[in-house]
Amino acid sequence: MARVSKILDDFSGSEYYVDYNAGNDSSGDGSVSYPWKTIKHAVESGITRNSTNGDRINLKSGYAHVVTSTPNVSTYGTPTVAAPLFFQGYTSAANDGGYAEITCSGTVSLVDTNKPYLRFAYLSVTSGGYAINNHSYTILIECKVESTGTGYRPYYGASNHHQAYYCTFVSNFTSSPWWKAFQISGGGELVNCLFLINGHSGAALKSNTVNCLAIVNNGTTDHGPVFTESDWYLNTSVVINGSKNTTGRHAFSGGYARMIGCYVQGADTAYGIERTRMFVGNGYYDCTTASTTTSYSDPFSYYDGVAIYEAAAQA
């Protein structure tokens with residue numbers, strides 16, 4: 001947690017407050033004593049962007065913040081690595097660990113933007129569409145991100161560099177088995193994350209994983225490749241609770257990934273792992289075959305594995 005705590009504790013930008021129950025967009029000033037009511041007002045009208053250290057929108061815990069129209073982050077400006085934009089839950093003061101609930105109407109999103117350097121912490125975000133649709137350099141900390149719709153992914157990042165720590169992603173996606181609950185273009189990092197797949201999408205694309213679990217409830221419908229096109233997987237497990245899996249729909253697939261301590265369990269799972277460099281304590285249970293290809297020779301050494309463990313410990 002040291003790395004995650006540092007992200008939150010080192011923030012020194014401007015603090016703003018939104019309280020959907022007690023706030024007022026007309027008379028409020030965004031302070032903890034006089035909060036605004038809606039996230040949309042805070043993003044589009046309330047905040048004067050702090051271009052030096054960034055801004056944090058603190059969202060009151062205890063009841064749902066209803067988002068009826070996707071906030072336009074473009075009107076806020078463009079966050080930077082030094083001056084990010086935070087969306088974070090609170091109970092009585094900023095960064096006190098309060099957990100805020102956000103309910104997006106219809107297919108509305110909490111954000112749908114091409115802006116980088118957004119941060120989300122201590123939030124539960126639910127939408128019938130994309131719950132969060134963001135561009136790049138995004139960090140999520142202790143969030144639950146869910147899409148209740150059958151044609152949308154919970155989290156979508158159109159570009160690279162997305163990180164999630166201690167998060168849960170819930171997908172009910174049925175439109176394509178190739179799409180993922182955490183769908184990005186590359187450069188992903190997932191630590192201690194849970195994926196609940198109710199349908200036939202996969203869990204994550206192009207994201208290295210540490211201590212992650214995907215539970216796929218695909219029934220009699222094909223599930224997609226669950227984890228795919230990554231460099232390495234550490235202590236990551238896939239449990240498939242379904243009876244159908246067509247050729248190519250693997251638990252781990254593509255990219256010739258390194259794997260340490262990974263586990264696959266599936267009911268009638270014909271394809272467990274494909275095109276990976278398997279080593280160090282991987283396990284299979286109730287799978288017809290462990291791999292559709294032979295193991296590749298791999299210069300990746302035991303000491304490299306230790307380095308991955310050490311890097312994970314910094315999260």
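**Salt bridges in a predicted model**

Let's start with Lys6, which is exposed at a relative accessible area of 52%; here buried means under 20% relative accessible area, exposed over 50% and partly exposed in between, using a 1.4 Å probe and protein chains only. This is a predicted model, where local features need pLDDT of at least 70, side-chain atom pairs count only at pLDDT 80 or more, and totals for chains, interfaces and linings use all residues. Residues are numbered from 1 along each chain as its sequence is written, and side-chain values use heavy atoms, with hydrogens and water left out.

**Overall count**
- Searching the whole structure turns up 5 salt bridges, each being a side-chain nitrogen of Lys or Arg within 4 Å of a carboxyl oxygen of Asp or Glu.

**Lys6 and Asp10**
- Lys6 pairs with Asp10 in a salt bridge whose closest N and O atoms are 2.7 Å apart.
- Asp10 is partly exposed, at a relative accessible area of 46%.

**A pair within helix 2**
- Lys40 and Glu44 form a salt bridge, with 2.6 Å between the closest N and O atoms.
- Both residues lie in helix 2 (residues 39-46), 4 residues apart, about one turn of the helix; helices (H or I, at least four residues) and strands (E, at least two) are DSSP runs numbered from the N terminus.
- Lys40 is partly exposed at 27% relative accessibility, and Glu44 is partly exposed with a relative accessible area of 27%.

**A pair between loops**
- Lys206 and Glu229 form a salt bridge, their closest N and O atoms being 3.8 Å apart.
- This pair links distant parts of the chain, 23 residues apart: Lys206 sits in the loop between strand 18 (202-205) and strand 19 (207-210), and Glu229 in the loop between strand 21 (227-228) and strand 22 (232-234).
- Lys206 is partly exposed at 31% relative accessibility, and Glu229 is partly exposed at 43%.
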